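Dear colleague,

My notes on what was found in it follow directly after.

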Amino acid sequence: MRFLVQRVTHAEVEVEQGIIGKIGTGFLVFIGISQEDTKEIADKMIRKLVNMRIFEDVNGKTNLSLQDVAGGLLLVSQFTLYADCRKGNRPSFTKAGSPELAEDLYGYIVSECRKQVPSVQTGSFGANMKISLLNDGPFTILLDSEELVPNSP
């Protein structure tokens, strides 16, 4: 599982000319799910995400969490985080989870985040989306379950 986390001052997702999700200060998170991912892996990734301290305190140090700044989450499913570009010029997506598995785990991640973060917005699974954001920093972090979760795929 991969979470591409961007600290933003605002972000929104549009589908078919309508905005369906929008946040102010917070994290825009692109979520990639592999075929081997589970709810247990998702739980560990969510815990890391919601507790990350990457907002600046009064001294300019990255000491504050999403909760400390009353930030929101905009969660967007993105299977292309599992693109394999080693051969040729056309990426392969064989490591990405099946649409059924990915949609189920994406829904689970959204549900669990809503239990911990008051403002959680989403994209539309499988839709062609337009994402607008203002990255604050810029600050972008890749959380990869292969690095965070022992013995994960």
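Strands, here labelled E, are DSSP runs of at least two residues, numbered from the N terminus. In this sense Asp144 belongs to strand E8, which covers residues 130–144. Please bear in mind throughout that the model is predicted.

I begin with Asp144. With a relative accessible area of 9%, Asp144 is buried, because the term applies to anything under 20%. Its side chain makes a polar contact with the side chain of Arg2, at 3.1 Å. Leaving aside residues up to four places away in sequence, Asp144 touches Met1, Arg2 and Met45.

Next, the nonpolar cores. The largest comprises 29 residues, and those touching the most other members are Phe3, Phe27, Leu49, Leu73, Leu75 and Ile109. At least two residues of this core come from each of the following elements: strands E1 (2–15), E3 (26–32), E4 (53–56) and E6 (72–77), and helices H1 (39–51) and H2 (99–116). Helix H2 gives the most, with seven residues.

Not counting residues up to four places away in sequence, Leu75 touches Val29, Ile31, Tyr106, Ile109, Val110, Cys113, Val120, Gln121, Thr122 and Gly123. Another core lies apart from the largest one; it has eleven residues, including Ile23, Leu28, Leu74 and Val76.

Finally, the pockets. The largest pocket holds about 340 Å³ of space. Its lining is made up of 19 residues, and Ser77, Gln78, Phe79, Thr80 and Gly126 are the ones nearest its centre. E3, E6 and H2 each supply at least two residues of this lining, and E3 gives the most, with three. By class, the lining of the largest pocket contains twelve nonpolar and seven polar residues, and no charged ones.

The second largest pocket holds about 170 Å³ of space. Val50, Asn51, Ser65, Leu66, Gln67, Ala70, Gly71, Gln116, Val117 and Pro118 line this second pocket. Here the classes are five nonpolar and five polar, again with no charged residues.

With kind regards

Conventions: Residues numbered from 1 in each chain as written. Predicted model: local features only at pLDDT ≥ 70, side-chain atom pairs only at ≥ 80, totals over all residues. Heavy atoms only, no water. Core = buried A, V, L, I, M, F, W, Y, C linked by side-chain atoms within 4.5 Å. Buried < 20%, exposed > 50% of the residue type's maximum accessible area, 1.4 Å probe, protein only. Helix = DSSP H or I, 4+ residues; strand = E, 2+ residues; numbered from the N terminus. Contact = heavy atoms within 4.5 Å. 1 Å grid on protein atoms, 1.4 Å probe; cavity = no way out; pocket = protein on both sides within 12 Å on 5 of 7 lines; lining within 4 Å. Points joined across faces, edges and corners; volume = space filled by probe spheres on them. Nonpolar A, V, L, I, M, F, W, Y, C, P; charged D, E, K, R; others polar. Polar contact = N/O pair within 3.5 Å; in protein donor to acceptor, adjacent residues only side chain to side chain.
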